[in-house]
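Q: I am new to this structure and would like to go through it step by step. Could you show it to me before we begin?
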Amino acid sequence: MHRADSANPASNAVINTWQDAERLAASHMRRLGFEDARVTAAGADGGLDVVATGAVAQVKFQWSKTGRPAVQALHGVATAHQAEALFYATDYTQQALTYANNTGIALFLFDDTGDVAPITKAGHALAGRSPSSTPKMGFLARGRADRYRYEAEALRKKLGSLTAQMQKQTQARSPKKRAAAGHAAAALLNAGQVLDKMEVLPPQDRRREDYLDVARGALAMAKKWL
């Protein structure tokens, strides 16, 4: 593949898994100036792998060419979120390249050594612009974003603990306990989905408080059943 240009140096990371690829993309986006870029939780809204203020990205860790349908799907999600669309893959079909150039999607190539290079007009434009041109968070916004992140992490830990408890209760001999475990499972699923959907919002967005409140309520309901 092409070597990454000097404005966006290679990470010198070895990419062995899809998790490595997503972390590489998030790191690259931060170098482009999207300073709050972070990998989303599994199952996040729209299949997004990395989100940031003003940008969303999908990452394909596969050694076959990524086609137009995947790129087009990202374009739809990015449009809905009024965000720039970035796509990271090991290769693309010509149809995907043409579509991306026509719609302003930034396509990037990466390889197993961690090199990243833009291959569309939008990709080159992002690679060439100053990071100072991207949105920055102020002191108060950053503090709010940190609080939301800590609260979400605490809720996810509680979700994991209650899920383990629920799974154990499904093996109970008592039909009543098994039924209660089923109700708890529904509440836990709701909590997980709410936390995942929250990840497409900017990290300092006050709407995250609503999502966190709904997740807390669902976890409280699950705990009651257990």
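Q: What do β3, helix α2 and β4 make?
A: β3, helix α2 (residues 68–80) and β4 make a right-handed β-α-β unit. A crossover is right-handed if, with the strands pointing away from the viewer, the path from the first strand over the helix to the second runs clockwise. Helices (H or I, at least four residues) and strands (E, at least two) are DSSP runs, numbered from the N terminus.

Q: What kind of model is this, and how are residues numbered?
A: This is a predicted model, in which local features need pLDDT of at least 70 and side-chain atom pairs count only at pLDDT 80 or more, while totals for chains, interfaces and linings use all residues. Residues are numbered from 1 along each chain as its sequence is written, and side-chain values use heavy atoms, with hydrogens and water left out.

Q: Back to β4: how many bridges join β3 to it?
A: Strand β3 (residues 55–60) is joined to β4 by six bridges, and the two run parallel. Two strands pair if DSSP finds at least two bridges between them.

Q: Why is β4 described as largely enclosed?
A: Five of the six residues of β4 are buried, so the strand is largely enclosed by the rest of the structure. Buried means under 20% relative accessible area, exposed over 50%, and partly exposed in between (1.4 Å probe, protein chains only).

Q: How many aromatic pairs are there?
A: The structure holds two. In one, the rings of Phe87 and Tyr92 have centres 6.0 Å apart and planes at 75°, so this pair is edge-to-face. Rings of Phe, Tyr and Trp (its six-membered ring) pair if their centres lie within 6.5 Å; planes under 30 degrees apart count as stacked, over 60 as edge-to-face and the rest as tilted. Both Phe87 and Tyr92 are buried.

Q: What about Tyr88 and Phe108?
A: Their ring centres are 5.1 Å apart and their planes at 15°, so the pair is stacked. This pair links distant parts of the chain, with Tyr88 in strand β4 (residues 84–89) and Phe108 in strand β5 (residues 106–110), 20 residues apart. Tyr88 counts as buried because its relative accessibility is 1%, and Phe108 counts as buried at 0%.

Q: Changing topic, where does Gln82 lie, and is it buried or exposed?
A: Gln82 lies in the loop between α2 and β4. At 75% relative accessibility, Gln82 counts as exposed. The phi of Gln82 is near 50°, a positive value in a residue other than glycine. Most residues other than glycine have a negative phi.

Q: Where is Met221 placed?
A: Met221 is in helix α7 (residues 208–225), and at 40% relative accessibility Met221 counts as partly exposed. Met221 and Ala187 are 34 residues apart in sequence and 6.6 Å apart in space, C-alpha to C-alpha.
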